[in-house]
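Subject: The two-chain model

Hi,

Here is the structure I promised to pass on. Have it open while you read the rest of this email.

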Amino acid sequence: MYPKAFQYHRAATLKEASDILLQLGEGAKLLAGGQSLIPLMKLRFANPEHLVDLNFVKGCDYVREQSGALHFGALARHASIAQSSEAARVPILRDCAAGIADVQVRNRGTIGGSLAEADPSGDWATVLMTLPAEVKCVGPKGERTVPVSEFVQDAYTTLLQPGELVTEIIVHGPGKNSSGAYLAFKRSAPVYPTASAAVQLELEGDTCKGIAIALGCVGLTPVRPKEAEAALRGKAITEKAIDEAAAAARVACDPQPDMRGSAEYKRQLVGALLKKAVKAAVRRARGEQVEMSHIYA
Amino acid sequence: MLEAGTQNQAAAPTRVVITVKVNRKAYTRAVEARMLLVEFLREELELTGTHIGCDTTYCGACTVLVDSAAVKSCTMFAVQADGAEVTTVEGLEGTDGALHPIQKAFSECHGLQCGYCTPGLMLSSLALLTKNKNPNEAEIRKALAGNTCRCTGYQNVFRSVEAAAEAMRSAAHGD
């Protein structure tokens, strides 16, 4: 299948990409990993007149640690994040990176592209919302850094302005006795999840001192279920408290029925995923190694 | 040559001259920007061993290696492979025409039936075995999760990869 013909622009720098975007206006799209955009173009759901290819911009696919924070270049591929020893320090990031789609897609897809697309079923926004994470952007008005929770505004909508693009994602390392887990269920490896749950928590003995939960694929943007967090915050993490959090999460989410399942099925699923993610996060916060990744048939 | 991103942006070309090294041989062609890598391989270079299965980034039949990384060549434009090294199924056999250990193992272990998905499966296997000489079953399953096979039920595919890994380890030790 061929996409509609387009004009191809190869940016040498992110600044140049921003300039080209601004000059060409609405008809231009950025090409990062292309694992969502190219399929959409082949199906003619997206018909950009111009593509601005970021893949030849040097030095924006890094994963590095800098004064206690993790920095991901916008073009860092899911695969390189999954394999990076720096990112492994924050296990929830590895859970996400190593489980997105399949090997081939992870080799191309990028963290910046995933965030900027803001697909309601995308994994990164859900995971990053549980962390002190920021998105650095550059545009005609210069640079700005915004929290992930503000960056994603609606389904397929971010606060990026004309000519503006993502340059970096910054994750400030969680403190001591903190850890997290991300669990997504998908029908098969290459597809988007049906539902997912991300948890980041801090323990003080057996008590949950702080917690952030985000649920994916069950709303237009990742859902932060405040009541589910309240069911655990400041309390001993018992089976009963986890059940209450899951029940609150099922109420807080707003899933749409589609080919992946009915709304009720997704509510049940997201609660079950949350329970498992909380238990894994607790074990990790206590120093245990727990392997976790997307589940599929 | 390519004038993208230079002074005259409105007149950026829809055709672009690219040079891609495929199976150790360099090819220079002027291609339409919208040409997919898989079409470039099949139509421009007549390397028809790379198959188009679903054409929707699902099945992995079109898997090739780009700079050693497995990718779905139906989900990458040929212009993006400019300057890259691509390996397709045609590049597996040795210069003397001998089958690659992965090809031999798929044949001997009945890792294929109709064979349509096999080129993609073998390239995914090569990407795995280049990085991991002795993968366990879970690692093999994860590495091949992006390749769909409707005939075999996968069991013989996994056996093929194990056999290929063993053969490649033995060859590396000069046994």
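First, some housekeeping. This is a predicted model, so to speak of local features we need pLDDT of at least 70, side-chain atom pairs count only at pLDDT 80 or more, and totals for chains, interfaces and linings use all residues. Residues are numbered from 1 along each chain as its sequence is written, chains are lettered from A and ligands numbered from 1 in the order in which they are written, and side-chain values use heavy atoms, with hydrogens and water left out.

Let's start with chain B. It has 5 helices and 5 strands, in the order β-β-α-β-β-β-α-α-α-α from the N terminus. (Helices, H or I with at least four residues, and strands, E with at least two, are DSSP runs numbered from the N terminus.) The radius of gyration of chain B, taken over C-alpha atoms, is 17 Å, close to the 16 Å from the globule rule (2.2 Å times the number of residues to the power 0.38) for 175 residues, so chain B is as compact as a globular protein of that length.

Now for where the chains meet. 41 residues of chain A are in contact with 40 of chain B, contact being heavy atoms within 4.5 Å. The buried area between them is about 3400 Å², with 55% from carbon and sulfur atoms; that is the accessible area (1.4 Å probe) the two parts lose on being put together, summed over both. On the chain A side, A:Tyr2, A:Tyr8 and A:Gln104 lose the most area to chain B, together 20% of what that side buries.

There are 3 salt bridges between the chains, a salt bridge being a side-chain nitrogen of Lys or Arg within 4 Å of a carboxyl oxygen of Asp or Glu. One links B:Asp82 with A:Arg10, their closest N and O atoms being 3.0 Å apart. Among the elements giving two or more residues to chain A's side are strand E1 (7-10) and helix H6 (103-108), and H6(A) gives the most, with 6 residues.

Last, have a look at A:Arg267 in helix H12 (residues 263-285) of chain A. At 22% relative accessibility, A:Arg267 counts as partly exposed. A:Arg267 sits 16 residues from A:Val251 in sequence, with their C-alpha atoms 7.8 Å apart.

Cheers

Conventions
Buried < 20%, exposed > 50% of the residue type's maximum accessible area, 1.4 Å probe, protein only.
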